[in-house]
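Subject: Structure handover

Hello,

Here is the structure for you to look through. Please open it beside this email. My notes follow below.

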Amino acid sequence: MTVANHSTTPSTWVETLAAPLKAALQHPWVESIVRLSAVEDSLRALHPMLSLTDVRARVVRIVDETVDTKTFVLQPNALWQGRHGALAGQFVQLRLEIDGRRVERIYSLSSRPGARLIAITVKRQTGGLVSPHLHDHVKVGDVLTISQADGEFVLPAQLPAKILLLSAGSGITPVMAMLRDLQARNYQGDVVFLHVCRNPAELIFAKALQAAADRFPELSLLLHFDDSAGRFTPEALHLAVPDVGERATWMCGPSGFMDAVHRHWRTQGLSTPLHSERFVAIPMLPTTSPGTAVTVMLAHSGAHFVTSGTAPLLMQAEAAGLSPKHGCRIGICRSCQCTKKSGTVENLQTGEISSTPNEQIRLCISVARTDLALDL
Ligand SMILES: Cc1cc2nc3c(=O)[nH]c(=O)nc-3n(C[C@H](O)[C@H](O)[C@H](O)COP(=O)(O)OP(=O)(O)OC[C@H]3O[C@@H](n4cnc5c(N)ncnc54)[C@H](O)[C@@H]3O)c2cc1C
Ligand code: FES
């Protein structure tokens, strides 16, 4: 695996000069003599925080939030742009090598945007690969590789007068960042934070929530514990937040919880915006027309592969021995997004079939319906 334990501060001259150095190394004349990847390998050997291309972040603290959830507090190198650019609710993609296999997973930032140190909060998924690895093997001093912050589940610059932050289980992570952001922005409106979990022992960020409730007068903190109050339902939501229909809402939690709230919004005809983020995929629709062999041309690399349109383009490209950039593999992170120059694709999440030239598609949720040309 690529995490390395290092506690000394790296010199930042490489990081400061990263953009011009990278541009110089990518010049065709220079590239023919010095490969950027070789420079990266040398920098990493010199110090694991040094890179011209990657955000590296040292683990400076690990907090046990509950028995199965830990917060990893990270100090990023100078390539991290999130200090001025990250928005509350966004995520980073964590890249690791476990047993020689390169793996990526997405984690929401639970820290306040603009903070010097950033944090991700990870719940152990039994039988999972990355979350148990982070819990059991990553320690203070290790260096992780992360992406810049990304994602569209964010608070806007112009805040509405009434807000509901609604979460369940580990879905609390992005909305906790939103709560921290509202407090830092000295929000003067009215915010309800309603979190659902089984019992107080499973409450993530218990101390931070209590501190926010004590110091942030605009906040009403509501906690629903299923074990004592019964299963959380949309009716319980209306009882707890009678003016729910007036509140712009940001929600994150398990699929069943979110589906019930979305249904409720529809059946009650609520017109206030309901923004939501999922940690797991929504079920893909069956393809409408599998079986026809089509050719996918990759304009940049000149490669091509043939697909019968039975699985998403990302999987088909991988089966053909290619390695397109990807992250979540479930249509959320946009890492696999590319321009489709021509041809017809079907979106397996919406069922939409589109032949528009030069449109952005996500390889992990799109299947080919005709020959395609992709800008890859
Ligand atoms: C936008 C986004 C933000 C995310 N933010 C966070 C976060 O802040 N904290 C966090 O802990 N996780 C978060 N995740 C989930 C995270 O990316 C991983 O999916 C999770 O840590 C499991 O990875 P794993 O390698 O341990 O399990 P895997 O090896 O990928 O999966 C193992 C098994 O666990 C199931 N599984 C995976 N994830 C979940 C889940 N969340 N709930 C229920 N079952 C699951 C899978 O279906 C599979 O059966 C986020 C995901 C997305 C897409
Ligand atoms: S890999 Fe995340 S959207 Fe496709």
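The buried residues of helix 11 pack against strand 8 (162-168), strand 9 (190-197), helix 10 (234-240), strand 11 (248-252) and strand 12 (274-277). Contact here requires C-beta atoms, placed from the backbone, within 7 Å. Helices (H or I, at least four residues) and strands (E, at least two) are DSSP runs, numbered from the N terminus.

This is a predicted model, in which local features need pLDDT of at least 70, side-chain atom pairs count only at pLDDT 80 or more, and totals for chains, interfaces and linings use all residues. Residues are numbered from 1 along each chain as its sequence is written, while chains are lettered from A and ligands numbered from 1 in the order in which they are written.

Back to helix 11. Which of its residues are buried? They are Phe257, Met258, Val261 and Trp265. A residue is buried with 20 or more other C-beta atoms within 10 Å of its own, exposed with 12 or fewer, and partly exposed in between; the C-beta atoms are placed from the backbone. Seen down the helix axis, the buried residues fall within an arc of 90 degrees, so they line one face of helix 11. That arc is taken over the directions from the helix axis to the C-beta atoms. On the other side, Gly256, Arg263, Arg266 and Thr267 are exposed.

The length of helix 11 checks out too. Its 13 residues (255-267) should span 18 Å at 1.5 Å a residue, and the end C-alpha atoms are 18 Å apart, which agrees. The expected span is 1.5 Å times one less than the number of residues. Just after helix 11, glycine 269 has a positive phi of about 65 degrees.

Next, the ligand. Ligand 1 is surrounded by 21 residues, and the closest are Ser108, Gly128, Val130, Ser131 and Thr173. A residue counts as near if its C-beta atom, placed from the backbone, lies within 6 Å of the molecule. Strand 5 (101-108), strand 6 (118-123) and helix 6 (130-137) each give two or more residues to this shell. Strand 5 gives the most, with 4 residues. By class, the shell has 10 nonpolar, 8 polar and 3 charged residues. Ala, Val, Leu, Ile, Met, Phe, Trp, Tyr, Cys and Pro count as nonpolar; Asp, Glu, Lys and Arg as charged; the others, Gly among them, as polar.

Now a loop. Glycine 169 sits between strand 8 and helix 7 (172-184). Glycine 169 is partly exposed, with 19 other C-beta atoms within 10 Å. Leaving out residues up to four places away in sequence, glycine 169 touches Cys197, Gly253 and Pro254.

Compare serine 228, in helix 9 (226-229). Serine 228 counts as exposed, with 9 C-beta neighbours inside 10 Å. The C-alpha atoms of serine 228 and arginine 198 are separated by 8.2 Å, though the two are 30 residues apart along the chain.

An open sheet has 3 strands in the order 17-16-19, with antiparallel pairing. Two strands pair if DSSP finds at least two bridges between them. Strand 16 (345-347) is joined to strand 17 by 2 bridges, and valine 345 stands opposite serine 354.

Strand 15 (337-342) pairs with strand 18 (359-362) over 4 bridges, in the antiparallel sense. There, cysteine 338 stands opposite isoleucine 361.

Best wishes

Terms used: Two residues are in contact if their C-beta atoms, placed from the backbone, lie within 7 Å.
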